[in-house]
Amino acid sequence: MCTDPLPQCIDSGLLHGLHPAQSTSSTHSQSVLSINMVQTPTFGTRKAAILQQTCSSNAAEATITFEKDYVLPELLPSQILVKMAFAPINPSDINVLEGTYVIRPESLPAIPGIEGAGIVVKIGTEVSNLDVGAHVCGCKWNWGSWAEYAIANESEVVELPKSLDLKTSAMLSVNPPTAYALLDDIQEGEWIIQNAGNSAMGLSIVQVAASRGIHTISITRRPDVHEKIKELGGDVVIVYEGKDMLR
């Protein structure tokens, strides 16, 4: 049996490991969830995080159970089966657990996970643009990436070059497109200022802005990320430690 964790969960680009018991809960304010699952060679089952209960007026905690033998449905002709490699934990994922996100699972129980990347291991009979072995990330909301395997329609994933590592690929479908949208009306040569310049969103904005000739002022509370922001194309970095301090 392989003991590689699949998928690995990412929070702010950092790997965390959690060996789950039969069930665990997440309080709905500052929680960081992380899943360490063990790959099984048995086809037709998968390990998955199952959201049983969101936070609500009747429940102070969101309950997640860890299923070892979650049966996969049969693939439809237009669908693919993806073996997940990485599944980020976004603020929007936490909002889903809270029950406060604008888009919610149609019903519970459900497998959470808005983003993720993996490798195609099976394709339906009508799939024409993807082959087994392709690296893909999801481009639909909540495709159930917190699991060993995920199923999606061919049109709901984007094929990625294999030269791009899967960890990076897993974080492509939320922050970078949001950065493009936020900068859509900003012209070359103009300046923007942003808080949380070292966050995943902030770093995406810095890189997209630099590629379009837009200047950035990024504010952060962490002196250690100053050089990283500059290396990614940031023009001015302000490190704030309770009093003004420019770097």
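**Figure 1. Glu-156 is buried, with a relative accessible area of 18%.** Buried means under 20% relative accessible area, exposed over 50%, and partly exposed in between (1.4 Å probe, protein chains only). This is a predicted model, where local features need pLDDT of at least 70, side-chain atom pairs count only at pLDDT 80 or more, and totals for chains, interfaces and linings use all residues. Residues are numbered from 1 along each chain as its sequence is written, and side-chain values use heavy atoms, with hydrogens and water left out.

What does Glu-156 meet in a salt bridge? Its partner is the side chain of Lys-140, at 3.5 Å, N to O. A salt bridge is a side-chain nitrogen of Lys or Arg within 4 Å of a carboxyl oxygen of Asp or Glu. Lys-140 sits in the loop between strand 9 (135-138) and strand 10 (149-153), and Glu-156 in the loop between strand 10 and strand 11 (157-160), so the pair ties together parts 16 residues apart in sequence. Lys-140 is partly exposed, at 29% relative accessible area. Helices (H or I, at least four residues) and strands (E, at least two) are DSSP runs, numbered from the N terminus.

**Figure 2. Asp-224 and Arg-222 join their side chains in a salt bridge.** The N to O distance is 2.7 Å. Asp-224 counts as exposed, at 56% relative accessibility. Arg-222 counts as partly exposed, at 40%. The count of salt bridges comes to 2.

**Figure 3. Strand 13 (residues 215-220) has a covered and an uncovered face.** Thr-216, Ser-218 and Thr-220 form the covered face. His-215, Ile-217 and Ile-219 form the uncovered one. In a regular strand the side chains alternate between the two faces of the sheet.

**Figure 4. Strand 13 pairs in the parallel sense with strand 12 and runs parallel to strand 14 (residues 236-239).** Two strands pair if DSSP finds at least two bridges between them. Strands 12 and 13 share 4 bridges, and 4 bridges join strand 13 to strand 14. Ile-192 has Thr-216 as its bridge partner in strand 13. Ile-217 has Val-236 as its bridge partner in strand 14.

**Figure 5. Strand 12, helix 4 (residues 200-211) and strand 13 make a right-handed β-α-β unit.** The chain then crosses from strand 13 through helix 5 (residues 226-231) to strand 14, again in a right-handed β-α-β crossover. Right-handed means that, with the strands pointing away from the viewer, the path from the first strand over the helix to the second runs clockwise.
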